[in-house]
Amino acid sequence: SVAGTVATATKIVTGITGKQIYVTAVALIPVATSVVTFTYGTGTNCGTGTTSITGAMTFAAGQTLTYGIGNGAVFVLPQGNDLCITIATAAAPGTLAYSIF
C-alpha cells in the first residue's frame, strides 16, 4: 500500500543489486491539489542518481490515477535502483503492485 501522506521523496520499494523492479499496477486516490511524482535512484530515499519516471502530476477533485492491472509492467527500473514517491500539497493514498526479477 501507499500511505499517501505528504512528504518529500520516500522509498516505497527497495531495489536489489543485479535485479529490476517491475511495477505492474498503480492505483491512487489523491485529494484535490495533490502533486505526485514517481522517481528512482539509490541511497536514502532515492537521493543519489534521482531520475523521474512520471514527472509531477497535479490532481483535481475527483480524479484518480490508475496504471496497469497487474498483467504486465508499466514501469521498469534499471537494476539495483529503489522506487520512490513524492507526494506534495495534499494526501494521495493508494496501492502499488510490483515484482523484482
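I started with burial: 35% of the 101 residues in the chain are buried. I kept in mind that this is a predicted model.

The chain exposes about 5,100 Å². Carbon and sulfur atoms supply 56% of that area.

Then I went through the secondary structure. I found nine strands and zero helices. Read from the N terminus, the order is β-β-β-β-β-β-β-β-β. I checked the radius of gyration next: it is 13 Å, close to the 13 Å from the globule rule for 101 residues, so the chain is as compact as a globular protein of that length. The C-alpha trace spans about 40 × 30 × 20 Å along its principal axes.

I also looked up how far apart in sequence the contacts reach. Among contacts with a separation of 6 or more, 80% join residues 24 or more positions apart.

**Core**

Which residues touch the most other members of the largest nonpolar core? I found Val 26, Leu 28, Val 36, Phe 38, Leu 83 and Leu 96, out of 19 residues in that core. Two or more core residues come from each of β2 (21-28), β3 (35-42) and β8 (82-88). Strand β2 gives the largest share, four residues.

**Aromatic rings**

How many aromatic pairs does the structure hold? I counted three. One of them is Phe 38 with Phe 75, a tilted pair. Their ring centres are 5.6 Å apart, with 50 degrees between the planes. Phe 38 lies in strand β3 and Phe 75 in strand β7 (residues 75-76), so this pair ties together parts 37 residues apart in sequence. Both Phe 38 and Phe 75 are buried.

I then noted Tyr 67 with Phe 75, an edge-to-face pair. The values are 5.5 Å centre to centre and 75 degrees between the planes.

Phe 75 is buried, at 8%.

My last entry puts the rings together: Phe 38, Tyr 67 and Phe 75 form one aromatic cluster.

Conventions:
Residues are numbered from 1 along each chain as its sequence is written. This is a predicted model: local features need pLDDT of at least 70, side-chain atom pairs count only at pLDDT 80 or more; totals for chains, interfaces and linings use all residues. Side-chain values use heavy atoms; hydrogens and water are left out. The radius of gyration is taken over C-alpha atoms; the globule rule is 2.2 Å times the number of residues to the power 0.38. Buried means under 20% relative accessible area, exposed over 50%, partly exposed in between (1.4 Å probe, protein chains only). Contact means heavy atoms within 4.5 Å. Accessible areas come from the Shrake-Rupley method with a 1.4 Å probe; for residues, only the protein chains shown count as cover. A nonpolar core is a set of buried Ala, Val, Leu, Ile, Met, Phe, Trp, Tyr and Cys residues joined through side-chain atoms within 4.5 Å. Rings of Phe, Tyr and Trp (its six-membered ring) pair if their centres lie within 6.5 Å; planes under 30 degrees apart count as stacked, over 60 as edge-to-face and the rest as tilted.
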